[in-house]
Amino acid sequence: MAECIFCKIKDKQIPTKLLYEDGDVMVFPDIHPIKSVHLLIVPKKHIDDFAGVEDASLFSKLFIVAQKMVAREGLKDKGFRLVINGGGAQIVPHLHIHLMGPVGKTAGL
Ligand code: AMP
Ligand code: ZN
């Protein structure tokens with residue numbers, strides 16, 4: 001999508017530090033991190049949000065990459081949180097998973 005920030009990152013029109021890339025998924029740091037590790041796990045294909053995913057295999061691809069990044073960032077035992085905003089709760093309307101850590105136990109979100 002022409003005006004989509006994450007599509008522009010995919011097309012290298014906006015610079016980022018790509019931490020992981022394969023044919024379907026890319027990972028880069030959130031530009032405004034709220035934890036010392038705050039990554040975005042993003043499908044290369046433009047999909048507006050979680051509710052718009054039609055190919056269920058994309059979920060596995062995204063979560064397998066999320067799992068890799070948890071290990072790579074040393075968060076396995078330090079506490080991490082995965083967040084998906086959707087249904088208009090997003091700022092960037094291109095599906096993405098936030099991976100944040102370290103985080104401790106919280107009673108709520
Ligand atoms: P959400 O509210 O889930 O849509 O969050 C979108 C996230 O994208 C926010 O945490 C922003 O800080 C982040 N963001 C926006 N533009 C960029 C960018 N160019 N590179 C990295 N992260 C970005
Ligand atoms: Zn997009």
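## What counts as a pocket

On a 1 Å grid over the protein atoms alone, a pocket is an open set of points with protein on both sides within 12 Å along at least five of seven lines, and its lining residues have an atom within 4 Å of a point. The model examined here is predicted.

## The largest pocket

With a volume of about 450 Å³, the largest pocket is lined by 22 residues, and those nearest its centre are Phe 6, Asp 30, Ile 31, Leu 40 and Val 92. Two or more lining residues come from each of H1, S2, strand S3 (37-43) and strand S5 (97-101), with H1 giving the largest share, three residues. By class, this lining divides into 14 nonpolar, seven polar and one charged.

## Ligand 1 and its shell

Ligand 1 takes up the space of the largest pocket. Its shell holds 15 residues, of which Asp 30, Asn 85, Ile 91, His 96 and His 98 are the closest, and the shell divides into nine nonpolar, five polar and one charged. The largest share of the shell, three residues, comes from H1.

A backbone N or O atom of Ile 91 lies 2.7 Å from an oxygen atom of the ligand, while a polar side-chain atom of Asn 85 lies 2.8 Å from an oxygen atom of ligand 1. For Ile 31, a backbone N or O atom lies 3.1 Å from a nitrogen atom of the ligand. The protein covers 86% of the 510 Å² of accessible area that ligand 1 has on its own.

## The second largest pocket

The second largest pocket has a volume of about 190 Å³, and its lining includes Lys 44, Lys 45, Glu 54 and Asp 55. This lining has four nonpolar, two polar and six charged residues.

Conventions:
Residues are numbered from 1 along each chain as its sequence is written. Chains are lettered from A and ligands numbered from 1 in the order in which they are written. This is a predicted model: local features need pLDDT of at least 70, side-chain atom pairs count only at pLDDT 80 or more; totals for chains, interfaces and linings use all residues. Side-chain values use heavy atoms; hydrogens and water are left out. A residue is near a molecule or strand if one of its heavy atoms lies within 4 Å of it. A polar contact is a pair of N or O atoms within 3.5 Å; within protein, one must be able to donate a hydrogen and the other to accept it, and residues adjacent in sequence count only if both atoms are side-chain atoms. Accessible areas come from the Shrake-Rupley method with a 1.4 Å probe; for residues, only the protein chains shown count as cover. On a 1 Å grid over the protein atoms alone, a cavity is a set of points where a 1.4 Å probe fits but cannot get out, and a pocket is an open set with protein on both sides within 12 Å along at least five of seven lines; lining residues have an atom within 4 Å of a point. A molecule sits in a cavity or pocket if more than half of its atoms lie within 2 Å of its grid points. Helices (H or I, at least four residues) and strands (E, at least two) are DSSP runs, numbered from the N terminus. Ala, Val, Leu, Ile, Met, Phe, Trp, Tyr, Cys and Pro count as nonpolar, Asp, Glu, Lys and Arg as charged, and the others, Gly among them, as polar. Grid points are joined across faces, edges and corners, and a volume is the space filled by probe spheres set on the points.
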